[in-house]
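Subject: Structure for your review

Dear colleague,

Please find below the structure that I would like you to look through.

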Amino acid sequence: MKNEKMFELKNVKKYFKVGSHQILKAVDDVSFDIMQDEILGLVGESGSGKTTLGRVIANIYPPTNGYVLYNGYNILQYSKEQRKVYTKNVQVIFQDPYSSLDPRMTVGEIIAEGMIIHNMYSSSKEIKERTHELLELVGLNSEHSNRFPHEFSGGQRQRIGIARALALNPKFLVCDEPISALDVSIQAQIVNLFKKIQAEMQLTYLFIAHDLSMVKYISDRVAVMYLGKIVEIASSNLLYKEALHPYTEFLLSAIPIPDPRVESKRSNIKLEGEIPSAINLPKGCPFQGRCKYKDDSCSIKDMTLIEISSNHWTSCTRAEGGKVSTL
């Protein structure tokens, strides 16, 4: 892995107006880096803001505040031509392989569409050859190019979505829960395909998921998100061994252990209280109402990432002695 930053997120916020006077804080003051050639896992419950954050990075949603730097340049200041190049370099693989493919287009047309828009090849023969290469790369074959999406299973459709994204030779993929809609028997195959492609093409991923066991397998680092906030970031191995935030501990406790003797002796962490509304967040830590470690400082102190050890950050007030992040 290279020690070069591909992305820098600085105080990124994404708010949505709900009704006439209410504001939903989907992403609230998020700052972190994504290094070149790494796979950064982003985990959290449904509604935590993971997908919204991925779409801000992909420039599908403009941030309400803050900014996203790509190779040192603010993507909001791009010209029209620069935005087109950025769209080519940053691709999204969507969660639902059924609704993300146009049912009126053949598989070959779906994969070739981006290549045509970006004028990547000079002849239809080259486009066809590249389409067949991509189908082979994702575990399908050239004969599938003349079929329509409804003729394929969910796992096959997701392979088509991956081939479509790779057609533009991107440098970065936002993988938005790409296995959650698939059968468990297919999920491991798709994750292994992601790892294979990443190694062969030297890609960088933001891998969004709520399955922590799968995230541990594929990710170099993991960021944990709760109600629009990043509450912990660390290397994959370190996070799973030494989780510091109570919310991370809760997520990890839900991962089943394959040894039945070990599994029978441990107890899952059960949270009390209700998840706060992202429209009316409490002051201080948004997790305080569900946390067994809560004290008075939780409702006073602002959410600030603290570096507890090398490249291990958390926002929990229990983590004393670290230095305050300047992310």
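This is a predicted model: local features need pLDDT of at least 70, side-chain atom pairs count only at pLDDT 80 or more; totals for chains, interfaces and linings use all residues.

Helix pairs

Two packed helices are described by the angle between their axes and the distance between the axes.

I begin with helix α5 (residues 154–166) and helix α6 (residues 184–201), whose axes come within 10 Å and cross at roughly 15°. Because angles under 35 degrees count as roughly parallel, α5 is roughly parallel to α6. The crossing of α5 past α6 is right-handed. On the α5 side, G155, R159, I162 and L166 take part, and they meet I186, Q189, I190, L193, F194, I197 and M201 of α6. Sorted by class, this contact of α5 with α6 holds eight nonpolar, two polar and one charged residues.

Helix α3 also packs against α5: their axes come within 7 Å and cross at roughly 30°. This angle makes α3 roughly parallel to α5 as well. Here too, α3 passes α5 in a right-handed crossing. From α3 the contact uses V107, I110 and I111, and from α5 it uses I160, A163 and R164. Five of these residues are nonpolar, none is polar and one is charged.

V107, G108, I111, A112, M115 and I116 of α3 are in contact with I127, R130, T131, L134 and L135 of α4. The contact of α3 with α4 divides into eight nonpolar, two polar and one charged residues.

Nonpolar cores

Which residues touch the most other members of the largest nonpolar core? They are I162 and F194, in a core of 58 residues. Both also belong to the contact between α5 and α6. Apart from its neighbours within four places in sequence, I162 is in contact with I93, V138, I190, L193, F194 and I197. There is also a second, separate core of 31 residues, and L40, V56, Y70 and Y86 are among its members.

A covered helix

Helix α9 (residues 246–253) is mostly covered, with seven of its eight residues buried. The buried residues are P246, Y247, T248, F250, L251, L252 and S253. Their cover includes the strands β3 (39–43), β9 (221–226) and β10 (229–235), together with the helices α7 (212–218) and α8 (236–241).

Two single residues

Q91 lies in strand β6 (residues 90–93). Is Q91 buried or exposed? At 13% relative accessibility, Q91 counts as buried, because buried means under 20%. Leaving out residues up to four places away in sequence, Q91 touches R164, A165, L168, P170, F172, L173 and V174.

A278 sits in the loop between α10 (260–265) and β11 (306–309). With a relative accessibility of 16%, A278 counts as buried. Residues I23, L24, K25 and L227 touch A278, again not counting residues up to four places away in sequence. A278 and L227 are 51 residues apart along the chain, while their C-alpha atoms are separated by 6.4 Å.

With kind regards

Technical notes. Residues are numbered from 1 along each chain as its sequence is written. Side-chain values use heavy atoms; hydrogens and water are left out. Axes are lines fitted to C-alpha atoms, for helices over the stretch in contact, and angles run from 0 to 180 degrees between N-to-C directions. Helices (H or I, at least four residues) and strands (E, at least two) are DSSP runs, numbered from the N terminus. Angles under 35 degrees count as roughly parallel, over 145 as roughly antiparallel, 65 to 115 as roughly perpendicular and the rest as oblique. A crossing is left-handed if the near helix is turned anticlockwise from the far one by less than a right angle, and right-handed if clockwise. Contact means heavy atoms within 4.5 Å. Ala, Val, Leu, Ile, Met, Phe, Trp, Tyr, Cys and Pro count as nonpolar, Asp, Glu, Lys and Arg as charged, and the others, Gly among them, as polar. A nonpolar core is a set of buried Ala, Val, Leu, Ile, Met, Phe, Trp, Tyr and Cys residues joined through side-chain atoms within 4.5 Å. Buried means under 20% relative accessible area, exposed over 50%, partly exposed in between (1.4 Å probe, protein chains only).
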